[in-house]
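Me: Could you take a close look at the salt bridges here and walk me through where their partners sit?

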Amino acid sequence: MKSVRIALCALLVTGAVGLSPATASSTSAPRGAFTLTSAAFADGGVIPKVHECTSGGGSDPGKRNESPPLTWSGAPTAAKSYAIVMRDVDNSNLIHWVIYDIPASTTTLPQNVDHAYRPSTPAGARQVYYRGSASLYGYQGPCSPSTVNTYDFVVHALDQASLTSLNANSSTRTAAREIAAASIGSARITGES
């Protein structure tokens, strides 16, 4: 029995050593999985100050309230558009950003999307007005000066090219509900701030 265990262990070690890093990584995540990444921070990492809010009353010039760059891949082929919803999961899932009607041909958002209902990039996209510590269209960065909170960015692949039921007066909650109802797949990344 002992010799059988030793032989099994040797076989397992030999098999594990024979795995290349590419083989090992392809078994951990399915090929073509819907993923969301950012060049600004790793999943679960620290969100840089440039992406923090400027509305907390502080005078830190590093806090510029710029949305982070985001890239996604592996979305469902039936996607007709995309939407992104950002929430502060440690503050009752407070919604900080909703951008939708992102064209299906788009797979990346640049850093610092305009604070406008219809930003210049990506063309055709719309953003919801944020009503909170700041009042603006689009991205409102992390605003937790005394705690470290987790922020969840989720990209949704939608079954509609445009969410026509939403307009410049829609609330973040209404927009998030409409996005969830039209979602055919999603990917997420989280950051700490």
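Reply: Let's begin with Arg 126 and Asp 101, whose side chains meet in a salt bridge at 2.7 Å, N to O; the term stands for a side-chain nitrogen of Lys or Arg within 4 Å of a carboxyl oxygen of Asp or Glu. Because Arg 126 belongs to strand β7 (residues 126-127) and Asp 101 to strand β5 (residues 94-103), this pair ties together parts that are 25 residues apart in sequence. Strands here are DSSP runs of E, at least two residues long, numbered from the N terminus. Both Arg 126 and Asp 101 are buried, where buried means under 20% relative accessible area, exposed over 50%, and partly exposed in between (1.4 Å probe, protein chains only).

A word on the source: this is a predicted model, in which local features need pLDDT of at least 70 and side-chain atom pairs count only at pLDDT 80 or more, while totals for chains, interfaces and linings use all residues. Residues are numbered from 1 along each chain as its sequence is written, and side-chain values use heavy atoms, with hydrogens and water left out.

Next come Arg 188 and Asp 152, which form a salt bridge at 3.0 Å, N to O. Arg 188 is in strand β11 (residues 183-192) and Asp 152 in strand β10 (residues 150-158), so the pair ties together parts 36 residues apart in sequence. Asp 152 is buried, at 9% relative accessible area.

Arg 64 and Glu 66 also pair, with their closest N and O atoms 3.2 Å apart. Here Arg 64 is partly exposed at 48% relative accessibility, whereas Glu 66 is buried at 13%. By the salt-bridge rule, the count comes to three.

Definitions and conventions: Helix = DSSP H or I, 4+ residues; strand = E, 2+ residues; numbered from the N terminus.
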